[in-house]
Amino acid sequence: MSAAGTAGATASRRSVRTAERRWGLLLAAPATLHTLLWIGVPIVIAFVLSFTSYDIIHAPEFSGLENYGIIFTDGLFWRSVLHNVIIAAVGIPVSMFLALVFAVLLDRAIPGRGLFRVMVFLPHITATVAVAMIWLWIYNPSENGLMNVILGVVGIGPLPFLTNPDLALASVILVTIWQGIGLKMLIYLAALQGVDGQLYEAADLDGAGIVQKFRHVTVPMLRPATFFILITSLIANFQTFDLIYILTEGGPANSTSVVTYRIYQTAFQEFRVGLANAQSVILLLILVVLAVLSRRIVGGSDDD
């Protein structure tokens with residue numbers, strides 16, 4: 001091929017790449033604009049207001065780092081953070097483990113797996129308000145509450161699940177586990193169905209047993225799904241509000257207060273909006289740190 005022909009082919013490829021890049025930017029523009037408008041702008045506004053004293057009624061007044069100083073000495077805020085950490089540390093691993101077990105079972109040809117899949121996923125698509133109302137009935141402290149009826153069979157109870165500070169947080173964690181299994185199960189199930197069957201055949205040739213295949217084939221292939229589930233679960237955990245609001249309102253004695261509920265109290269009950277925005281900024285930083293730590297723990301890569 002002549003030099004002129006080579007130069008022409010190169011120019012043509014560059015033109016195609018340029019056109020593809022322009023179309024890519026054009027197609028991504030609506031989503032980018034939406035993200036900037038509804039996520040980027042509110043974050044900037046919250047960050048600015050976090051340095052002000054603002055009560056909704058009067059205009060914001062610059063207060064410097066005063067709000068952040070209040071946060072670092074606010075025992076109730078950090079207690080709420082601790083409750084979120086406890087819910088995440090207990091609820092997320094348990095729900096991920098159960099979701100993986102259910103996904104492995106549903107990946108096999110078992111009778112009624114379609115119905116079972118619907119039953120497990122149903123709590124996730126049910127409105128949290130409805131879920132909370134159901135569990136209010138289950139946790140009813142009288143002898144007519146479903147949980148107390150079950151415990152009464154073995155001679156335990158009745159127990160005040162949501163009004164006892166020693167039981168309330170554990171009761172909330174149980175609800176989060178029950179509600180969160182469905183989506184995690186579907187993600188794991190989709191990931192399992194994407195695993196190349198030849199990997200299991202190669203493991204069989206090497207004499208690997210069921211446990212070895214699960215450990216050395218299934219688990220590594222599920223790493224991207226595990227990372228995704230962990231990150232989204234952590235974010236959802238620190239966004240928990242409606243469940244707490246309906247079940248316990250942060251009580252009894254603030255034993256179930258979480259970060260978002262504390263921010264709600266600060267903004268709409270105490271009318272300290274500037275302080276509430278500072279708390280939101282701290283929450284954002286906590287989520288960023290947890291995301292980085294989760295990536296290191298799971299062993300995610302840039303390709304995950």
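The model is a predicted one, in which local features need pLDDT of at least 70 and side-chain atom pairs count only at pLDDT 80 or more, while totals for chains, interfaces and linings use all residues. Residues are numbered from 1 along each chain as its sequence is written, and side-chain values use heavy atoms, with hydrogens and water left out.

The domain assignment, which is automatic or taken from a database, gives domain 1 as residues 5-50 and domain 2 as residues 74-300. Taken over C-alpha atoms, the centres of domain 1 and domain 2 are 35 Å apart.

How many residues of each domain are in contact? Five residues of domain 1 touch five residues of domain 2, where contact means heavy atoms within 4.5 Å. Between them, the two domains bury about 390 Å², with 76% of that on carbon and sulfur atoms; buried area is the accessible area (1.4 Å probe) that two parts lose on being put together, summed over both. On the side of domain 1, Ala46, Leu49 and Ser50 supply 73% of the area that this domain buries against domain 2, more than any other three residues.

Across this interface the rule finds zero salt bridges, a salt bridge being a side-chain nitrogen of Lys or Arg within 4 Å of a carboxyl oxygen of Asp or Glu.

Let me turn to helix H12, residues 259-268, where eight of the 10 residues are buried, meaning under 20% relative accessible area (1.4 Å probe, protein chains only). Helices here are DSSP runs (H or I, at least four residues), numbered from the N terminus. Among the buried residues of H12 are Val259, Tyr261, Arg262 and Ile263.

Technical notes. Buried < 20%, exposed > 50% of the residue type's maximum accessible area, 1.4 Å probe, protein only. Helix = DSSP H or I, 4+ residues; strand = E, 2+ residues; numbered from the N terminus.
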